[in-house]
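Me: I am new to this structure and would like to learn how to read it. Please take the features one at a time.

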2 protein chains.
Amino acid sequence: MSDYFLPHLQQLQGYTPGEQPSEGGYIKLNTNENPYPPSPRVLEAIQQTTQDQIGRYPEPLADRFRNQAASILNLSPEWIMTGNGCDDLLTIITRSFADSGKTIRFPYPGYILYETLTKIQNAKQEAIPFLKDWSLNERFLKYSSELGLVFFANPNSPSGILYPKAVISQIIEQLSVPVVIDEAYVDFANTNCMDLVHKHPNLIVTRTLSKSYSLAGLRFGYAVAQPEVIRGMQKVKDSYNCDILSIVGASAAFEDQQWMVDNVKKICQTREHLIAEVRKLGFQIPLSQANFIWCTLDGKPTKQIYEQLRSNKILVRYLQYKGWGDGLRISVGTDEEIEQLLDSLRSIS
Amino acid sequence: MSDYFLPHLQQLQGYTPGEQPSEGGYIKLNTNENPYPPSPRVLEAIQQTTQDQIGRYPEPLADRFRNQAASILNLSPEWIMTGNGCDDLLTIITRSFADSGKTIRFPYPGYILYETLTKIQNAKQEAIPFLKDWSLNERFLKYSSELGLVFFANPNSPSGILYPKAVISQIIEQLSVPVVIDEAYVDFANTNCMDLVHKHPNLIVTRTLSKSYSLAGLRFGYAVAQPEVIRGMQKVKDSYNCDILSIVGASAAFEDQQWMVDNVKKICQTREHLIAEVRKLGFQIPLSQANFIWCTLDGKPTKQIYEQLRSNKILVRYLQYKGWGDGLRISVGTDEEIEQLLDSLRSIS
């Protein structure tokens with residue numbers, strides 16, 4: 001039966017998400033979840049959802065959220081499309097713009113899912129390595145006629161680095177194909193590219209509510225682009241891709257901006273402390289504007305440290321990038337969690 | 001910017017789901033929702049979900065549901081894959097087995113989404129018409145080397161007809177490609193094909209919790225197939241395609257089989273009454289084993305009836321199939337709703 005799968009899928013290794021331990025007792029710093037709870041309005045809105053709402057199909061375009069978000073983002077709703085998590089949006093975007101005749105470009109190291117999506121869609125990939133100091137490779141800006149789509153996470157993962165708006169504008173302007181600026185972590189950064197959508201019809205900004213709004217379990221993200229682009233992508237999405245509880249919960253979270261901002265502030269403070277302390281232990285860490293940090297050790301392998309932390313019931317993400325090296329991506333937890341991590345790291349080092 | 005979309009998508013009309021009226025006061029008999037509420041255990045389970053669960057990523061494979069369903073279906077969990085509604089599963093299946101070099105076969109008239117999924121994936125379609133009495137066309141059983149995938153809803157929509165297991169077995173055996181038997185409505189029928197998965201590695205049975213379990217708003221479905229097939233399809237799905245609340249709610253609904261069976265019994269009784277009464281008004285109606293009926297009028301157009309019902313605040317689904325004719329697909333509501341529909345139909349006819 002495996003012969004029936006499309007040939008390009010037969011060899012594919014699926015995307016492996018970060019470990020979700022089935023037993024409790026772990027300090028989880030491996031999947032960039034928010035250590036603080038979502039706004040209390042979220043649970044409230046979910047608990048007010050009626051049997052009747054659960055029994056009926058949800059709004060196909062999640063208008064409740066679109067209207068809410070439009071007023072906060074100062075856009076009209078037709079600039080917004082919602083997804084069952086940002087992954088759903090990235091899948092829809094991939095299917096909209098790339099097939100086996102097209103190339104998808106993304107920086108390397110980067111979010112591993114871009115590569116998986118490219119392979120599932122049987123498109124060609126151009127994973128363009130950053131320079132060793134994480135600055136953008138000139139090759140990234142070169143137009144090619146086969147190019148169909150560009151992914152660029154900003155802040156990037158695993159580095160946490162935020163590229164300046166001028167660099168992003170350059171990418172968008174020099175590559176006249178759809179460019180996805182994946183702003184999953186942008187609420188932890190000091191600027192964002194949202195206003196560029198007015199100027200650039202080839203820009204799609206994606207955001208998730210999993211990180212800054214503490215809603216990873218709800219699966220909710222949104223994309224912002226010019227209405228013509230949104231309308232085209234809507235044809236590719238499943239009719240009812242967001243369920244009623246996620247629409248209601250996400251809308252409630254979005255309404256409570258102050259809650260998100262307060263949590264982000266705490267996380268950024270903890271992040272600065274974490275960076276300073278981990279550097280003292282000899283790790284190299286780029287300046288992160290996300291809710292995680294990327295730790296390398298002078299080219300020495302870090303897998304053992306990951307394993308030792310794991311045996312101390314602390315989960316971080318060990319990532320190995322071919323031709324680039326390995327490292328530990330550590331999510332910013334609460335102050336208490338980070339103190340325990342630091343104690344553990346000090347005893348290991 | 002619309003030029004950037006893949007050429008086959010530029011002309012595509014997206015799938016139009018049944019109308020969800022924004023104002024209340026309608027009797028909704030147009031999207032085959034269940035008129036009865038889901039098991040009270042669903043709301044209970046949702047309300048017990050904690051902030052912490054909402055803030056963390058859900059189980060990638062929805063193990064909670066898989067374990068629950070496995071014990072009820074008498075299978076092991078690796079035979080089951082869950083989806084964000086059955087549409088998500090049908091999308092994953094399409095992407096797993098068909099591309100522009102492959103043909104997707106489905107009967108006509110049938111679930112319109114099969115055609116939409118085929119077009120999005122840029123595969124070729126073979127919509128094979130039923131014979132005029134709704135029996136299967138011999139052409140449906142002909143092997144062709146380009147064939148990549150077959151969809152067959154059983155019971156079928158819009159007819160509501162259940163094809164006997166012998167016919168289904170014939171399809172699966174004669175076409176040695178993946179065959180999806182879409183059992184979205186099978187709980188309203190007197191038999192199903194689930195046991196055939198043990199015998200046929202090319203069979204995928206899909207089910208939804210939207211209809212018989214009254215969970216259309218939650219978006220939850222599952223596919224059953226041999227483990228090798230499930231493992232292959234898992235590579236194509238989004239990592240976290242089901243959110244925590246839908247997993248928890250679907251598991252609670254599935255646990256309460258008696259609730260579902262009781263609602264199905266009521267709906268089937270109402271359906272028989274509905275068929276008898278609507279036939280008296282001169283409509284032709286195939287024997288339905290689903291929660292809807294298909295009404296035609298001797299080849300005469302039915303759009304006006306749809307519109308008159310609509311102006312009486314009763315929504316049914318008007319469907320027009322090119323080369324076949326039109327008709328009204330009416331979902332089975334409560335007895336009260338159906339009495340109002342019948343009164344309205346009698347006053348129109």
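Me: What should I know about the numbering and the kind of model?
Reply: Residues are numbered from 1 along each chain as its sequence is written, while chains are lettered from A and ligands numbered from 1 in the order in which they are written. This is a predicted model, in which local features need pLDDT of at least 70 and side-chain atom pairs count only at pLDDT 80 or more, whereas totals for chains, interfaces and linings use all residues.

Me: How many helices and strands are there in chain A?
Reply: Helices (H or I, at least four residues) and strands (E, at least two) are DSSP runs, numbered from the N terminus. Chain A has 12 helices and 11 strands. Its radius of gyration is 20 Å, close to the 20 Å from the globule rule for 349 residues, so chain A is as compact as a globular protein of that length. That radius is taken over C-alpha atoms, and the rule is 2.2 Å times the number of residues to the power 0.38. The C-alpha trace of chain A spans about 55 × 50 × 50 Å along its principal axes.

Me: How is a pair of packed helices described?
Reply: The description uses the angle between their axes and the distance between the axes. Axes are lines fitted to C-alpha atoms, for helices over the stretch in contact, and angles run from 0 to 180 degrees between N-to-C directions. Angles under 35 degrees count as roughly parallel, over 145 as roughly antiparallel, 65 to 115 as roughly perpendicular and the rest as oblique. In chain B, the axes of α2 (residues 40-47) and α9 (residues 244-255) come within 8 Å and cross at roughly 150 degrees. That makes α2(B) roughly antiparallel to α9(B).

Me: At what angle do α10 and α12 of chain B pack?
Reply: The angle between α10 (residues 257-280) and α12 (residues 335-348) of chain B is about 5 degrees, with the axes 11 Å apart. That makes α10(B) roughly parallel to α12(B). Among the residues making this contact are Leu274(B) of α10(B) and Leu342(B) of α12(B).

Me: Is Ser288(A) buried or exposed?
Reply: A residue is buried if 20 or more other C-beta atoms, placed from the backbone, lie within 10 Å of its own, exposed if 12 or fewer, and partly exposed in between. Ser288(A) is buried, with 28 such atoms within 10 Å. Ser288(A) lies in the loop between α10 and β9 of chain A. Leu342(A), in helix α12 of chain A, is partly exposed, with 16 other C-beta atoms within 10 Å.

Note on methods:
Contact = placed C-beta atoms within 7 Å.
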